[in-house]
Amino acid sequence: MTQDGIMQLRELTLEELERKKKKEEKAQEKELKKLKAAQKAEAAKLQAQQTSGANKAPKKKNAKRDTGEENPEDFLDPHTPFGQKKQLSRLMAKAFNPSAVEKAWYSWWEKSNFFVADPKSSKPPFVILLPPPNVTGELHIGHALTAALQDVLVRWRRMSGFNVLWVPGTDHAGIATQVKVEEKIMHEKQLKRRDIGREEFLSEAWKWKEKCGGTILKQLRQLGASLDWSREVRIPAWYLTLDDDELKDFGAYNNHWVIARTEQEAQQEARKVFDGKNFQLTQDPDVLDTWFSSGLFPLSVLGWPDNTDDLIAFYPTSLLETGHDILFFWVARMVMLGIKLGGDMPFGKVYLHPLIRDAHGRKISKSLGNAIDPLDVINGITLEGLHKKLEKRLEEGHLDPNGLKVAKEEQTKDFPNGIPECGADALRFALVSYTAQSDKIYLDILRVVGYRQWCNKLWNAIRFAMSKLGDDYTPPSDIVPNVMPFSCQWILSVLNKAVSKTVSSLEAYEFSDETTAVHHWWQYQLCDVFIEVIKPYFASSNPEFASAKRYAQDTMWICLDNGLRLLHPFMPFVTEELWQRLPSRNGCKKESIMISDYPSSAEDWTNDDVECEMNLVESVVKELRSLRSLIPNKERLERRVAFVRGRVNDDAEIIIKHELEIKTLGNLSSLEVLKEKDAVPAGCVVGVVNEALSVFLKTQGAIDVDAEREKLKKRMDDIKKLHDNLSRTMSASGYKEKVKSNVHEENVARLASCLQELSSLEEASQHLERESAKESNGCASPGE
């Protein structure tokens, strides 16, 4: 196949995966709607209970606790004064609520100076600058991507022992801002910029900045951006021309620059440097600021031209994260000015993030009316609210009447029920995960909704853990995995690999790989497998489970502690809240998760043999669940009898050893391992796990024979195709001369495996037809 052909095949596969993902997200959206309806009903019930019980004596509340009844107030977070550490409810709420979880934490982080860098620190520096957005109204979803990506890196490095400085660049007033102010003046006063004069225009510009700058600061804080606000920068640059200068040209002397917000402040700064000398200050007369002064950004934020502690400690910076559309306008200027005025490249690396487009592939633009405010995704907004925002843009002159009509139609089509409340954590995680889409992101809000639902999964995992750990639980000071139950060894091993993969991906700036590794471990390994498989230890009073129960508690605590710290840079709010609820190890716990240590891999946790055995267990369970899907809905959740028949003794021994795990995950009443020559049980539907293993599930009634027949046919077609392709490869001219002996042996083994699996599938197909004929004739026999 040609390289082009390979690329086309690869693109097709990605499209198919994306379509599958969208189907899953639609299903998740339905679940979200059910959840929100349940939350509303619970809130209404809670309000009614609070109203009716408002005048009752405290004895009544205590009486409820004494009788074991739930007190609604136990699930409500107490009021937390601004800037103080959030006070948590006595009991965890039964469902995740982003607005409840994400309040209060940021102001406490900020007031506690967790974001502030120390130029005198002995820790290695990690410095990154937030590109200063034009003050053109409000941040859009593209700015949210920038903030999310940078905050992931910043929080990870901070937790990894670096002296982190993340400087906010929010006081930027450039050509784009000038255009917005000119539009405003024309709309309100029907005047042009030159009609009102420079001073009045500057006054209007600063009014605009104060209004819109405040919106931007609010947006950044709600996104969880852990910026060092004590170093909030002032961009405008002023050039001093001294009376005794030989060269009078603008910018002739490198040491004649000062950075100040106003001309008065520039005068003060200049006098500190050139005390007693006469000078004139000059700023660009046509615009409030230029790409030139932005080019000074890496220097000016650190106090240049003075040789400040910040400049010594933090220049050059570590990384610039930006879009490829401003490489020439901004990045190149920073490089030139950094080398000329700072003596070094202003940053060591540049990461170019993708540009966001809407779900239809169109560029995000206020003039198109498809720009999305991150706060609307975080807080949720009705369709009517979205329409009102469009109407406001029309009033401000950003949309024409025809554009308004088209934009409303598109909004009605894309968001018929508005945008549900997703929270900052879900938005951040979705945006970061999207970075795999090369240089463009096609944003679908349903994907954000899916991650909001996933937050609920995390929430429930902690709720389960807290109920099983108990109030008196003390975490272990150390663990020895090889003495633990099989499931505990397995989850620690795959956690270890998730940690390694996440860290290596962070180091390589492979953001999508990071989110995939973290999400896969939490969703498909911890929640879907481990938490389910340890439930029998807690449900039974069998003394044989006593030690397993304790090991399961310790493993669960270790997983949640490490897992939350692993996830924190991506989802700061929910991880802080959940981590604060975990018991501490001998009272030794950092004040916040954001200043705790980022997880690192432990060599003795990895166990490939255990993982291999669990892979077989999961394959058996997956096939049993597939068979269960053929049973009518009303009978599908009943516990069933199952059988496993293998051709390889090693596989059979693994199944016998892990009978409890398979029964638990497969919802089985019993599991029996058959020998190769044993007859197939009657009344069963059969599935093929691999070339050496088949499973049988008692159906106790009708099944969808056509669906099972189609499934077997598709599987046989796939194996035949694989077999034929491999056969052609091995029979090709020059194969034996070109292929190494070990590769040839592997191909021979794969070919034999295909033939064996085809035989098993053919047997399963024949069994299906026999069972179908018996059911049709109404004469099912007791055995074969």
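User: In this predicted model, is S487 buried or exposed, and what is its relative accessible area?

Analyst: S487 lies in helix 19. A residue counts as buried when its relative accessible area is under 20%. S487 is therefore buried, as its relative accessible area is 1%.

User: Which residues does S487 touch, not counting residues up to four places away in sequence?

Analyst: Contact here means heavy atoms within 4.5 Å. With residues up to four places away in sequence left out, S487 touches F530, V533, I534 and Y537.

User: How many aromatic pairs does a search of the whole structure find?

Analyst: Rings pair if their centres lie within 6.5 Å. Applied to the whole structure, the search gives a total of 15 aromatic pairs.

User: What kind of aromatic pair do Y351 and Y509 form?

Analyst: The ring centres of Y351 and Y509 are 6.3 Å apart, and the angle between the planes is 40°. Planes under 30 degrees apart count as stacked, over 60 as edge-to-face and the rest as tilted. The pair of Y351 and Y509 is accordingly tilted.

User: How many residues apart are Y351 and Y509, and where does each lie?

Analyst: Y351 is in strand 7 (residues 347-353), while Y509 is in the loop between helix 19 (486-507) and helix 20 (511-533). The pair thus links distant parts of the chain, and the separation is 158 residues.

User: Why does Y509 count as buried?

Analyst: The cut-off for a buried residue is under 20% relative accessible area. Y351, the partner of Y509, is buried at 14%. Y509 counts as buried because its relative accessibility is 15%.

User: Why is the pair of F429 and F570 edge-to-face?

Analyst: The ring centres of F429 and F570 are 6.0 Å apart. Planes over 60 degrees apart count as edge-to-face. The pair of F429 and F570 is edge-to-face because its planes stand at 70°.

User: Which residue lies over the face of W229?

Analyst: For an Arg, the CZ atom must be within 6 Å of the ring centre. At 4.1 Å from the ring centre of W229, the residue over the face is R221.

User: Is L352 buried or partly exposed?

Analyst: L352 is in strand 7, and L327, V350 and L352 form a nonpolar patch on the surface. Because its relative accessibility is 36%, L352 counts as partly exposed.

Methods. Residues numbered from 1 in each chain as written. Predicted model: local features only at pLDDT ≥ 70, side-chain atom pairs only at ≥ 80, totals over all residues. Heavy atoms only, no water. Helix = DSSP H or I, 4+ residues; strand = E, 2+ residues; numbered from the N terminus. Buried < 20%, exposed > 50% of the residue type's maximum accessible area, 1.4 Å probe, protein only. Lys NZ or Arg CZ within 6 Å of the ring centre and 35° of its normal. Patch = residues over 30% accessible without salt bridge, like charges linked within 9 Å, V, L, I, M, F, W, Y side chains within 5 Å. Areas by Shrake-Rupley, 256 points an atom, 1.4 Å probe, with all protein chains shown as cover. Salt bridge = Lys/Arg side-chain N within 4 Å of Asp/Glu carboxyl O.
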